Amino acid sequence: MPWVKTRVRLKKVKVRNSERGMSPRNRDAATIFGLLAWVTLVLMMVIPAARAERIKDLAQVGGVRSNPLVGYGLVVGLDGTGDRTSQAPFTVQSLKNLLGELGVNVPANVNPQLKNVAAVAIHAELPAFAKPGQPIDITVSSIGNATSLRGGSLLMAPLRGADGEVYAIAQGNLVVGGFGAQGRDGSKVSVNVPSVGRIPNGATVERAVPNAMGEDAGGNITLNLHQADFTTVSRMVDALQARFGNGSAAAVDAVTVVVRAPQDPGSRVMFMAQVENLELNPGSAAAKVVVNARTGTVVIGSNVTVMPAAVTHGSLTVTITESAEVSQPNSFTRGGQAVVVPQSTVTVNQEGNRMFKFEGGTSLDEIVRAVNEVGAAPGDLIAILEALKQAGALRAELEII
């Protein structure tokens with residue numbers, strides 16, 4: 001947060017008639033009081049405001065979480081973009097089983113050649129406290145060789161949890177964000193992924209998940225931080241005890257805080273509403289540099305510093321060019337044949353980048369500025385950071401993902 005510069009200009013003020021009669025001691029006291037007021041005002045403008053966050057944004061209540069659901073079904077009504085039954089026999093098998101349940105018997109020796117049906121996998125998240133009858137969104141993905149699910153409808157399919165029980169029933173018309181087109185010569189074009197779609201409110205909850213809301217044996221509620229931090233846990237306990245009294249909260253480790261809560265369900269809900277809206281100043285994050293070696297993305301935390309070090313990073317480029325030349329014999333030579341002779345040209349180019357120096361305690365802004373001045377690419381920056389870490393000059397954790 002930037003510091004606010006404030007310039008205080010003192011002016012000579014004429015003394016009013018009411019102040020002429022003041023004694024020197026009272027006049028000095030009034031002057032000191034005025035100066036103290038100015039100093040207080042300046043400090044309030046200069047000192048940056050603390051970054052307070054709600055407990056709701058820092059932690060979650062133990063046991064309050066969503067549960068994944070998965071299912072299998074058929075999408076029908078496609079415009080010739082469904083599974084090719086010769087390569088996806090499970091689609092025909094599923095369709096025969098479905099028709100059999102509806103009272104339609106398909107002879108065993110009949111193999112329908114379908115183009116408007118696709119076998120799909122369905123997955124969804126069952127939110128915490130979801131009750132029977134409530135709708136949830138689902139995602140439908142092709143598991144065969146269907147080229148597009150646009151315009152299709154999902155037939156009724158059960159969604160099961162990790163315990164194998166059915167918790168929701170899915171059905172509805174798909175919304176597909178991508179599309180594709182293919183010509184007879186095999187050429188095709190596609191935008192986004194047309195083989196995946198969503199159905200808003202496409203499933204209905206049929207069974208609720210029991211939720212203890214983080215209760216332990218004593219009926220207390222557990223709060224778990226999203227990121228482990230001893231400082232944040234300590235400040236959270238202080239904030240809870242300041243609001244609800246001493247002994248109302250206790251830290252278990254760097255993640256968990258146990259809060260003493262009322263036993264009545266209604267009072268417990270009101271109590272949690274007060275807890276999650278309490279504000280506190282979380283501890284600063286550890287100094288870390290995260291590098292994605294696949295994409296070249298580098299994220300440097302604000303607390304990263306560098307000890308005194310000098311860095312130079314050059315770029316060596318080797319270029320090999322292959323060409324072919326035809327060696328033609330003289331016209332008076334008998335038995336001569338033209339021969340193709342390969343020619344290779346190798347060039348080496350080395351860029352002479354200058355050296356830059358890091359002083360002790362170099363901040364993030366100075367690191368980025370120094371690297372940008374030498375024109376280092378993301379790949380070069382990754383190499384520089386790894387070398388600084390090996391040299392012991394990088395005061396941060398280097399994480400490569």
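Predicted model: local features only at pLDDT ≥ 70, side-chain atom pairs only at ≥ 80, totals over all residues.
1. A strand here is a DSSP run of E, at least two residues long, numbered from the N terminus. By that rule N201 sits in strand β10, residues 196-205. Its phi is near 55 degrees. That is a positive value in a residue other than glycine.

2. Now the whole chain. It has eight helices and 23 strands. Of its 401 residues, 28% count as buried. Take the contacts in the chain with a separation of 6 or more: residues 24 or more positions apart account for 69% of them.

3. Which residue other than glycine has a phi near 65 degrees? The residue is F129, and the value is positive. F129 belongs to the loop between β4 (117-126) and β5 (135-142). Its relative accessible area is 41%. Buried needs under 20% and exposed needs over 50%, so a value in between is called partly exposed. F129 is therefore partly exposed. F129 also turns up in the next point, as one of the residues that line the largest cavity.

4. How many cavities of 30 Å³ or more are there? The count is one. The largest cavity holds about 30 Å³ of space. Its lining consists of R65, N67, P127, A128, F129, A130, V209 and N211. By class, five of these residues are nonpolar, two are polar and one is charged.

5. Buried or exposed? N67 is buried, because its relative accessible area is 17% and the limit for buried is under 20%. The side chains of N67 and R65 are joined by a polar contact of 3.2 Å. Leaving out residues up to four places away in sequence, N67 touches A124, E125, L126 and V209.

6. Two loop residues sit on either side of β3 in the chain order. G62 is in the loop between β2 (59-61) and β3. G62 counts as buried, because its relative accessibility is 10%. G62 and T256 are 194 residues apart in sequence, yet their C-alpha atoms are 8.9 Å apart in space. T81 is in the loop between β3 and α4 (89-101). With a relative accessible area of 18%, T81 is buried. What does T81 touch, not counting residues up to four places away in sequence? The list is K115, A146, T147 and S148.

7. Next, the aromatic rings. The structure holds one aromatic pair. F244 and F271 form it. The ring centres are 4.7 Å apart, and the planes make an angle of 50 degrees. The pair is tilted, because planes under 30 degrees apart count as stacked and those over 60 as edge-to-face. The pair links distant parts of the chain: F244 is in helix α5 (residues 230-244) and F271 in helix α6, 27 residues apart. F244 is partly exposed, because its relative accessibility is 24%. F271, at 10%, counts as buried.

8. N277 is in the loop between α6 (265-276) and β14 (279-280). It counts as partly exposed, because its relative accessibility is 40%. A polar atom of the N277 side chain lies 2.7 Å from the backbone oxygen of A273. Which residue lies 222 places away along the chain, with its C-alpha atom 6.2 Å from that of N277? It is I55. Leaving aside neighbours within four places in sequence, N277 is in contact with R54 and K56.

Terms used
Residues numbered from 1 in each chain as written. Heavy atoms only, no water. 1 Å grid on protein atoms, 1.4 Å probe; cavity = no way out; pocket = protein on both sides within 12 Å on 5 of 7 lines; lining within 4 Å. Points joined across faces, edges and corners; volume = space filled by probe spheres on them. Nonpolar A, V, L, I, M, F, W, Y, C, P; charged D, E, K, R; others polar. Helix = DSSP H or I, 4+ residues; strand = E, 2+ residues; numbered from the N terminus. Buried < 20%, exposed > 50% of the residue type's maximum accessible area, 1.4 Å probe, protein only. Contact = heavy atoms within 4.5 Å. Polar contact = N/O pair within 3.5 Å; in protein donor to acceptor, adjacent residues only side chain to side chain. Phe/Tyr/Trp six-rings, centres within 6.5 Å; stacked < 30°, edge-to-face > 60°.
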